[in-house]
Every structure is written in structure tokens, then in C-alpha cells.
Amino acid sequence: MSLSYSVPTSLEYFASLVQSDDHFPLLEAAASLAQDEYPELDMQLLLGDMDQLLARIKRRLPADAPALQRLRTLNQFFFADLGFGGNINNYYDPENSYLNAVLRTRRGIPISLAVLWMELAQGLGLHARGIAFPGHFMVKVLLPKGQVVLDPISGQSLSREELAERLEPYKRRNGLVDDYDVPLGLYLQAATPRDIIARMLRNLKEVHRTQQDWQRLIAVLDRLIVLLPEAWGEWRDRGLAHAERGNTAEAVADLEAYLAHADDGLDIDLIADRLSALRSANR
């Protein structure tokens, strides 16, 4: 009797990684986002490359190195020696979100650099977490004498005053001032791995939507819906992208799902009209 095995699709593989919040493999899930663009990506090779980088840092440190020394050595290695930094000249290139490309070029955006940096930090035994700071992803490390917040573009340590200054435009834009102001600490809470992957996908979503690249946008939304099945706005957006591609049946199904669940959506009437038009066109 011959046995046949089917190779999982990249979306099925992603679904297997993100199905549970217990032992969520952040690095692997983040790296797998590139498989839509690089279907032949060797995930084990990428993970092995990260293991090699970690081994190189560990050789620079005594086994009993205090946390502050481990942090300084990591930043010297990651930012100075390896030269990781922001892709300032082409910030909205989707490659900035693909970890295989970031590892190759040493250029990325804050969240992709943060994922790589945190993997190394945690491998060194540092208590490092991501921060979903508005407009610019951050990382923080808990040290014996307190918490340090770092910019993953440069490794720069940011004071409370500097963080508050960076936050000010966001707060004013959203009316979070005076009586509606909230403490800085609320913006510095640790992001879960699921939150981090969602933010990476939404970065890609915005790039593809701006470029009206509907096929790539749909692929990103497929992942977002696997990651966050009850994020009904993503169903709506996928339905609208399918409509742009001429995939009427898929568009109708997604928009129906949105309307069935998004009771308080401000755009329900608009989406209902679009759905009606799609149904009429499909008769």
C-alpha cells in the first residue's frame, strides 16, 4: 500500500503556527509571512541562521554576564557590527516586512527589526517584549534596576520625556488630551505575539491597498482572517478586494459575513448597497 502526503499550503502552515496562544512561535510566524512572495522560502534555513547569530553573541559573553552587559553586547552586535537599521529610503517597500529580506539586506521597519532583535534578546535570557506604540513599534527590556524602552531602528534608549514627546502628535490627532488623556504606561504595555503578527500584516495590507495590488492584498487578508477570525472589518476589506478583482462569489460571501456580524459598523448601509449591486451583477 502506498502512502501519499499532501504538502500544506503556505496559508495552512501559517494557520498551524497561530492556532493557539500557548507557545506561539513569533519568529516562525513572522518569517512565514514572506511565503506568499517567496513560496520556496526555506524556513528551517532562516531559523538556523538566527540560531547561528545567537551562538555568535553568546561567544562574546561570560555565562554569568549581568543583564545590562548582555543588553549592551546585543545592541553592539545587532546595530553596530551587523548594521541592522531602518530602510529610510524605501520605508513602504513590502520587503521590509519579510524577515528573509531583512536578514539579507539588514534593512527593515521597526516591527520587523524588533522581531529579530527580540528573538536574540530572549535567547540571551533577557526579559524582552514588544510594545505596540502608536506609529512606531518599540521594544522594552526589564532589567534589575527597572525597565528600558528601546527604538528597534537604532537601539536608542528612550526616556519617558522622549516617549511622551513622540506620543503627542498621536494624542492630539485622536483627541486624547486634557480630560481624555491617559497615562503613558498604557501605551507601553507588552504586545502579544498575535498582536505583533496582526500589526505586521496590517502594515502589508496598507502597502498593497495603496498600490491597488488586489491579489497580494487578498493574500494578506486571508492570513489576517486566519489570525483574527472575528475581526469582521477584515472580512469586509477582503470582500471589497475580491470585488475589485472580479471575484464576485467570494466578494458576496465575505460581505455577507461582515453584515451578519458587524451590527454597529458605521458603513453598514454602504456595504449593503455594494452587496446588492454585486448580487445583481452575478445573476
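Visitor: How many of the six residues of strand β4 (residues 138–143) are buried?

Guide: A strand here is a DSSP run of E with at least two residues, a helix is a run of H or I with at least four, and both are numbered from the N terminus. A residue is buried under 20% relative accessible area, exposed over 50% and partly exposed in between, with a 1.4 Å probe and protein chains only. Strand β4 is largely enclosed by the rest of the structure, because the buried residues number five of the six.

Visitor: What kind of model is this?

Guide: Residues are numbered from 1 along each chain as its sequence is written, and side-chain values use heavy atoms, with hydrogens and water left out. Local features need pLDDT of at least 70 and side-chain atom pairs count only at pLDDT 80 or more, while totals for chains, interfaces and linings use all residues, since the model is predicted.

Visitor: Which residue stands opposite Lys 140 in β4?

Guide: Two strands pair if DSSP finds at least two bridges between them. Strand β3 (residues 127–131) pairs with β4 in the antiparallel sense over five bridges. The two form a hairpin with six residues between them, and Gly 135 in the turn has a positive phi of about 80°. Opposite Lys 140 stands Arg 129.

Visitor: How many residues lie between β4 and β5 in their hairpin?

Guide: Strand β5 (residues 146–150) also pairs with β4 in the antiparallel sense, over five bridges. In this pairing, Val 139 stands opposite Leu 150 in β5. The number of residues between β4 and β5 in the hairpin is two.

Visitor: Is the ring pair of Tyr 38 and Tyr 98 stacked or edge-to-face?

Guide: Rings of Phe, Tyr and Trp (its six-membered ring) pair if their centres lie within 6.5 Å; planes under 30 degrees apart count as stacked, over 60 as edge-to-face and the rest as tilted. By this rule there are six aromatic pairs. The centres of Tyr 38 and Tyr 98 are 6.1 Å apart and their planes stand at 85°, so the pair is edge-to-face.

Visitor: How far apart in sequence are the parts that this pair ties together?

Guide: Tyr 38 is partly exposed at 26% relative accessibility, whereas Tyr 98 is buried at 4%. Tyr 38 lies in the loop between α2 (26–32) and α3 (43–58), and Tyr 98 in the loop between β1 (85–86) and α5 (99–105), so the parts tied together are separated in sequence by 60 residues.
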